[in-house]
Amino acid sequence: METTTPQLIARDLFQSFRMGTRRIEVLRGISIEVAYNEAVFLSGASGAGKTTLLYTLAGLERPESGIVEFEGRRLYSGGSAAEARLRNQKMGFIFQGYFLLPELTALENVVLPVMIGRKAIRNDAEASLAAVGLGDRLHHLPAELSGGEQQRVAIARALTNNPDIIFADEPTGNLDSKTGDAIMDLLLNLARERNKTLLVVTHDARLAARGDRQLRIKDGVLQ
Ligand SMILES: Nc1ncnc2c1ncn2[C@@H]1O[C@H](COP(=O)(O)OP(=O)(O)O)[C@@H](O)[C@H]1O
Ligand SMILES: [Mg+2]
């Protein structure tokens with residue numbers, strides 16, 4: 001479904017957390033529209049609410065109020081099985097800090113969500129790992145891979161279900177700047193080649209400028 005309607009729409013998102021007796025208002029009325037195939041970068045200080053916003057947009061964290069609509073479907077509307085299926089089929093995630101299971105090889109880490117999505121399997125995962133340049137590292141454990149290589153595994157995993165949109169939380173956060181640049185190139189190129197929307201959190205303003213659009217979150221609102 002490719003139309004001029006935005007792929008992702010969020011309206012008036014609010015979220016707060018209790019810290020002891022205090023309440024921190026993390027999202028204070030955030031609205032966003034993201035077009036199909038757009039690469040949007042979200043930056044902001046540590047603790048500004050970037051991860052909270054990304055998770056809320058991805059259907060992973062229910063906001064206190066406000067709506068999120070993805071490809072014409074309202075998220076957080078109760079049908080959790082249907083919503084999980086939608087996430088599995090249409091969304092890819094790259095979490096902060098790789099999030100690889102240490103006991104599983106590169107190949108197994110990439111196969112895992114594919115199996116959860118019940119699609120056929122190993123060839124897809126191998127193709128994704130080859131696409132990120134790890135065709136010869138299929139059977140290595142995360143501990144046997146460099147930081148950049150682990151992040152490539154995380155990217156391969158996000159690609160494997162052939163999602164429409166990829167959410168990435170600080171994908172270069174743990175990497176030196178040269179490796180970080182290469183990872184960001186890889187992610188942007190793969191997204192462009194494969195017509196995927198990209199929503200990337202980064203605190204690196206230099207990298208954020210490389211997307212189609214840059215958003216900043218401060219004091220719970222977008223600037
Ligand atoms: N589940 C939670 N419970 C309590 N506080 C939280 C929770 N998630 C996030 N926070 C708080 O909300 C603020 C924003 O967090 P986060 O979205 O992770 O920021 P960022 O990703 O920009 O560093 C922080 O002060 C954080 O401590
Ligand atoms: Mg964060």
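The model is a predicted one. One open sheet has four strands, and another open sheet has six. Cavities of 30 Å³ or more number two.

- A polar backbone atom of G47 lies 2.7 Å from an oxygen atom of ligand 1.
- K50 also has a polar backbone atom beside the ligand, at 2.8 Å from an oxygen atom of ligand 1.
- In T51, a polar side-chain atom is 2.8 Å from an oxygen atom of ligand 1.
- Ligand 1 taken alone exposes 560 Å², of which the protein buries 63%.

**The four-stranded sheet**

- Strands of a sheet pair through backbone hydrogen bonds, in either a parallel or an antiparallel sense.
- The four strands of this open sheet follow the order β2-β1-β4-β5, and their pairing is antiparallel.
- At the edges are β2 and β5, each of which pairs on one side only.
- β1 and β2 are joined in the antiparallel sense over 10 bridges, and R18 has R23 in β2 as its bridge partner.
- The hairpin of β1 and β2 has two residues between the strands, and G20 takes a positive phi near 65° there.
- Strand β1 (residues 8-19) also pairs with strand β4 (residues 65-70), in the antiparallel sense and over five bridges.
- I9 has E69 in β4 as its bridge partner, while F14 stands opposite S65 in β4.

**The six-stranded sheet**

- This open sheet has six strands in the order β6-β7-β8-β3-β9-β10, and the pairing is mixed.
- Because β6 and β10 (221-222) stand at the edges with a single partner strand each, one side of each is left without a neighbour in the sheet.
- Strand β3 (residues 39-43) pairs with strand β9 (residues 213-218) in the parallel sense over four bridges.
- The bridge partner of S43 in β9 is R216.

**The second largest pocket**

- The second largest pocket holds about 160 Å³ of space.
- Its lining is made of R73, R74, S77, G79, A82, E83, R85, L86, Q89 and K90.
- β5 (73-74) and α2 (80-90) each supply at least two residues of this lining.
- What gives the most to the lining of the second largest pocket is α2, with six residues.
- The lining of this pocket divides into two nonpolar, three polar and five charged residues.

- Rolling a probe the size of a water molecule over the atoms shows where empty space is left.
- The largest cavity holds about 40 Å³ of space.
- L54, Y55, A58, L60, F93, I94, F95, F167 and D169 form the lining of the largest cavity.
- Two or more of these lining residues come from each of α1, β6 (91-94) and β7 (165-169).
- The lining of the largest cavity has eight nonpolar, no polar and one charged residues.
- The volume of the second largest cavity is about 30 Å³.
- I32, L42, L53, L54, L57, L199 and L215 line the second largest cavity.
- The lining of the second largest cavity has seven nonpolar, no polar and no charged residues.
- α1 gives the most to the lining of the second largest cavity, with three residues.

Methods. Residues are numbered from 1 along each chain as its sequence is written. Chains are lettered from A and ligands numbered from 1 in the order in which they are written. This is a predicted model: local features need pLDDT of at least 70, side-chain atom pairs count only at pLDDT 80 or more; totals for chains, interfaces and linings use all residues. Side-chain values use heavy atoms; hydrogens and water are left out. A polar contact is a pair of N or O atoms within 3.5 Å; within protein, one must be able to donate a hydrogen and the other to accept it, and residues adjacent in sequence count only if both atoms are side-chain atoms. Accessible areas come from the Shrake-Rupley method with a 1.4 Å probe; for residues, only the protein chains shown count as cover. On a 1 Å grid over the protein atoms alone, a cavity is a set of points where a 1.4 Å probe fits but cannot get out, and a pocket is an open set with protein on both sides within 12 Å along at least five of seven lines; lining residues have an atom within 4 Å of a point. Grid points are joined across faces, edges and corners, and a volume is the space filled by probe spheres set on the points. Ala, Val, Leu, Ile, Met, Phe, Trp, Tyr, Cys and Pro count as nonpolar, Asp, Glu, Lys and Arg as charged, and the others, Gly among them, as polar. Two strands pair if DSSP finds at least two bridges between them.
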